Amino acid sequence: MPVYNASCWLDECLQLSVHDDASTDDSRKVVEGWRERLEARGISVVISGHNSAKPRGVGYAKNKAISQSCGKYLCFQDADDVMLPQRVRLQYEASLLHPNSLIGCRVQRLPEGSTERYTRWINTTTQDQLITQVYTSHGPTVVMPTWFCSRNLFLKVGPFDEGGKGVPEDLLFFYRSLRLGGGLSRVDQCLLVYRYHEKAATHSVTEETIWKLRVDFLQERVLSQWEGFTIWNAGKQGRKLYRCLSPTNQKKVKAFCDVDENKIQKGFYTYEESKEIPKPKIPILHYKDASTPFIICVKLDMTGGVLEENLNSLQLKEGTDYYHFN
């Protein structure tokens with residue numbers, strides 16, 4: 001458990017290997033207060049930290065907490081979340097079955113109703129979608145606060161990036177794990193209270209940082225395997241994806257497709273920023289006239305089911321005929 005100024009949450013939370021990343025509140029005192037109670041129950045507690053002027057970041061604190069622990073399995077816990085009973089047992093059992101996988105679980109979001117779409121996505125993605133939806137703006141399909149894995153897997157993939165504030169150390173680790181053939185699995189029970197608040201470390205990472213990592217991963221894992229494809233969304237998001245692709249992958253874009261008649265009537269999108277003469281013109285088609293495979297740049301769960309219905313009507317297979325990017 002990495003800790004930075006988390007004293008207001010710590011009494012609800014518990015962990016075994018704690019690294020205090022230069023907290024300026026009474027986090028260390030609260031954690032020390034727990035040591036006696038835990039040790040009385042036969043649970044050893046390792047606490048370390050530093051008093052530098054600035055915290056060194058979540059990645060650094062996690063790496064320290066891991067290096068000073070000794071178990072064969074690692075259960076990650078954020079200081080502001082609450083672990084529910086049976087979490088360790090159920091994820092440990094899942095980890096025995098999937099030793100090369102990051103194991104997650106379902107979550108209860110606090111305050112209730114905050115990030116409704118995101119919470120629904122965390123809890124309802126299918127086992128196949130844990131793999132196919134790794135390119136969306138939601139980030140890791142198995143969310144970091146729920147991670148459980150073998151130490152062997154961590155040693156193969158890790159350590160966490162220690163770049164500090166603004167670095168998505170969880171996404172970098174997640175992608176590296178997938179590159180090395182690591183699997184993903186989720187215990188379909190709610191085993192964590194996942195808190196949403198303005199001071200959460202996740203807010204320090206910019207959307208652009210995440211966007212670039214996602215585009216690079218999509219190009220590496222999916223587009224490199226395709227000879228041509230259609231971008232589903234002729235609007236802002238679809239055009240932004242096109243502009244961010246490598247020249248090789250831009251040439252693979254056969255068309256944009258959409259449901260908006262105004263966009264379709266324009267007939268094509270001109271890539272004005274291109275140095276090529278003449279400038280590339282990409283056709284804009286109705287989705288029913290476009291050909292697979294698709295990269296979908298329309299947000300999931302945002303169109304009242306219309307996008308999902310349109311996809312179903314074409315009888316396509318996710319992960320073969322299309323991938324979600326938004």
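Q: Which residue forms a salt bridge with Lys 240, and how far apart are the closest N and O atoms?

A: Side chains of opposite charge can pair when their charged atoms come close. In this predicted model, the partner of Lys 240 is Glu 208, with 2.6 Å between the closest N and O atoms. Glu 208 belongs to helix α9 (residues 207-221) and Lys 240 to helix α10 (residues 236-244), so the pair ties together parts that are 32 residues apart in sequence. Glu 208 has a relative accessible area of 46% and is therefore partly exposed.

Q: How many residues apart are Arg 89 and Glu 93, and in which helix do they lie?

A: Both residues are in helix α4 (residues 87-97), four residues apart, which is about one turn of the helix. Accessibility is read for each partner separately. Arg 89 counts as partly exposed because its relative accessibility is 42%, and Glu 93, at 36%, counts as partly exposed too.

Q: Which domains does the domain assignment of the chain give, and how many salt bridges does the rule find across their interface?

A: The assignment gives domain 1 (10-205) and domain 2 (225-324). The contact between them takes eight residues from domain 1 and eight residues from domain 2. Their centres, taken over C-alpha atoms, are separated by 35 Å. Across the interface of the two domains, the rule finds one salt bridge.

Q: How much area do domain 1 and domain 2 bury between them?

A: The size of an interface is often given as the accessible area lost when the parts come together. Here domain 1 and domain 2 bury about 720 Å² between them, and 49% of this area is on carbon and sulfur atoms.

Q: How many residue pairs are in polar contact between domain 1 and domain 2, and which element gives the most to the side of domain 1 that touches domain 2?

A: Five residue pairs are in polar contact between the two domains, counting pairs with both residues at pLDDT 80 or more. On the side of domain 1 that touches domain 2, α5 (116-124) and α6 (127-132) each supply at least two residues. The element that gives the most to this side is α5, with three residues. The residues of this side divide into two nonpolar, four polar and two charged.

Q: Is Trp 226 buried or exposed, and which residues does Trp 226 touch?

A: A relative accessible area under 20% counts as buried. Trp 226, with a value of 13%, is therefore buried. This residue is found in the loop between α9 and β9 (229-232). Leaving out residues up to four places away in sequence, Trp 226 touches Lys 252, Pro 293, Phe 294, Ile 295, Thr 320 and Tyr 323. One of these, Pro 293, is 67 residues from Trp 226 along the chain, yet their C-alpha atoms are separated by 8.3 Å.

Q: Which residues of helix α8 are buried, and what covers the buried residues of α8?

A: In helix α8 (residues 169-179), the buried residues are Glu 169, Leu 171, Phe 173, Phe 174, Tyr 175, Ser 177 and Leu 178. Their cover includes α3 (58-67), β6 (101-110), α7 (151-157), β8 (183-195) and α9. Just after α8, Gly 181 takes a positive phi of about 85°.

Q: Where does Ser 27 lie, and with which residues is Ser 27 in contact?

A: Ser 27 lies in helix α2 (residues 27-40) and counts as buried, at 0% relative accessibility. Apart from neighbours within four places in sequence, Ser 27 is in contact with Val 3, Asn 5, Ala 6, Ser 7 and Leu 10. A polar atom of the Ser 27 side chain lies 3.1 Å from the backbone nitrogen of Ser 7.

Terms used. Residues numbered from 1 in each chain as written. Predicted model: local features only at pLDDT ≥ 70, side-chain atom pairs only at ≥ 80, totals over all residues. Heavy atoms only, no water. Domains from an automatic or database assignment. Contact = heavy atoms within 4.5 Å. Buried area = accessible area lost by both parts, 1.4 Å probe. Salt bridge = Lys/Arg side-chain N within 4 Å of Asp/Glu carboxyl O. Polar contact = N/O pair within 3.5 Å; in protein donor to acceptor, adjacent residues only side chain to side chain. Nonpolar A, V, L, I, M, F, W, Y, C, P; charged D, E, K, R; others polar. Buried < 20%, exposed > 50% of the residue type's maximum accessible area, 1.4 Å probe, protein only.
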